Amino acid sequence: PKGRKSSMKDPPSSSTAKSTRKNEPTNTSAANINNNESNDSDDGIYVDKPVLRGQFHKWGAVIYPPILGLPLYLRALESNDQERNTRAVLLFSFAIEIIFIASGVLHTCRWKTQKWYQRSRKLDFMAIFFGIACFNSSMGRLLMGKHDDDTRDVSLE
């Protein structure tokens, strides 16, 4: 129709349409994403990655446990509610480590195939969401305090 803007959902033109034959190359970039071996090169497929971010996360995963994780753990051991605080610190530290490791691997490795690069991205996303859940769980555990069942008197007299 006249005046209609093109959108991403429009079907591809006949010159770039995906072939119905198996293993026949096409001109679309989407076809290259799905083809696992189409973008092989010496530099890998992900050459314009944020290298500095990858280095920060890689070294953060190495430096966090002795510099920040261990002092937090030792402080939790000295607290009044040692068991609750220790578990919360371990959960918090695990969340930081899993995010740093997944992101460090994604942004520092040279991915030779699209398949492994996409798997690494999914692992990074899963680590982020899992890390957020662990952060919230550990903070909730610390902030909500200890709840004893013996302190509640529900009798209505």
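Author: **Salt bridges and their setting**

R84 and D81 are joined by a salt bridge in which the closest N and O atoms are 2.6 Å apart. The term denotes a side-chain nitrogen of Lys or Arg within 4 Å of a carboxyl oxygen of Asp or Glu. The model is a predicted one, in which local features need pLDDT of at least 70 and side-chain atom pairs count only at pLDDT 80 or more, while totals for chains, interfaces and linings use all residues. Residues are numbered from 1 along each chain as its sequence is written, and side-chain values use heavy atoms, with hydrogens and water left out.

Side chains of opposite charge can pair when their charged atoms come close. The structure holds two such salt bridges. In the one described above, both R84 and D81 are buried; here buried means under 20% relative accessible area, exposed means over 50%, and partly exposed covers what is in between (1.4 Å probe, protein chains only). The other salt bridge is formed by the side chains of R87 and E83, at 2.7 Å from N to O. These two residues both lie in helix α3, four residues apart, which is about one turn of the helix. R87 counts as partly exposed because its relative accessible area is 48%.

The secondary structure comes to four helices and zero strands, where helices (H or I, at least four residues) and strands (E, at least two) are DSSP runs numbered from the N terminus. Along the sequence this gives the pattern α-α-α-α. Of the 157 residues of the protein, 25% count as buried.

F92 and F135 form a tilted pair, with 5.4 Å from centre to centre and 50 degrees between the planes. Because F92 lies in helix α3 (residues 82–108) and F135 in helix α4 (residues 114–144), this pair ties together parts that are 43 residues apart in sequence. F92 is partly exposed at 23% relative accessibility, and F135 is partly exposed at 24%. The rings of F94 and F130 have centres 5.8 Å apart and planes at 90 degrees, so this pair is edge-to-face. It links distant parts of the chain, with F94 in helix α3 and F130 in helix α4, 36 residues apart. At 40% relative accessibility F94 is partly exposed, as is F130 at 41%.

Helix α4 also contains K122, which is exposed because its relative accessible area is 57%. K122 and A102 are 20 residues apart in sequence, and their C-alpha atoms are 9.6 Å apart in space. Another charged side chain, that of R119, has its charged end over the ring of W116, 4.7 Å from the ring centre. For this contact, NZ of Lys or CZ of Arg must be within 6 Å of the ring centre and within 35 degrees of the ring normal.

Helix α2 holds a further arginine, R75, which is exposed with a relative accessible area of 65%. R75 and N85 are 10 residues apart in sequence and 8.8 Å apart in space, C-alpha to C-alpha. L68 is likewise found in helix α2 (residues 51–78), and it is partly exposed at 48% relative accessibility. Together with W59, V62, I63 and I67, L68 makes a nonpolar surface patch of about 510 Å². Patches are made of residues with over 30% relative accessible area and no salt bridge; like charges are joined within 9 Å, and nonpolar side chains (Val, Leu, Ile, Met, Phe, Trp, Tyr) within 5 Å. The areas come from the Shrake-Rupley method with a 1.4 Å probe, and for residues only the protein chains shown count as cover.

P50 is found in the loop between α1 (29–34) and α2, and is partly exposed with a relative accessible area of 28%. The C-alpha atoms of P50 and H107 are separated by 6.5 Å, although the two residues are 57 residues apart along the chain.

Finally, the cysteines may be considered. With a disulfide taken as a pair of cysteine sulfur atoms within 2.5 Å, the count comes to zero. C109 is partly exposed at 31% relative accessibility, whereas C134 is buried at 5%.

How values were computed
Rings of Phe, Tyr and Trp (its six-membered ring) pair if their centres lie within 6.5 Å; planes under 30 degrees apart count as stacked, over 60 as edge-to-face and the rest as tilted.
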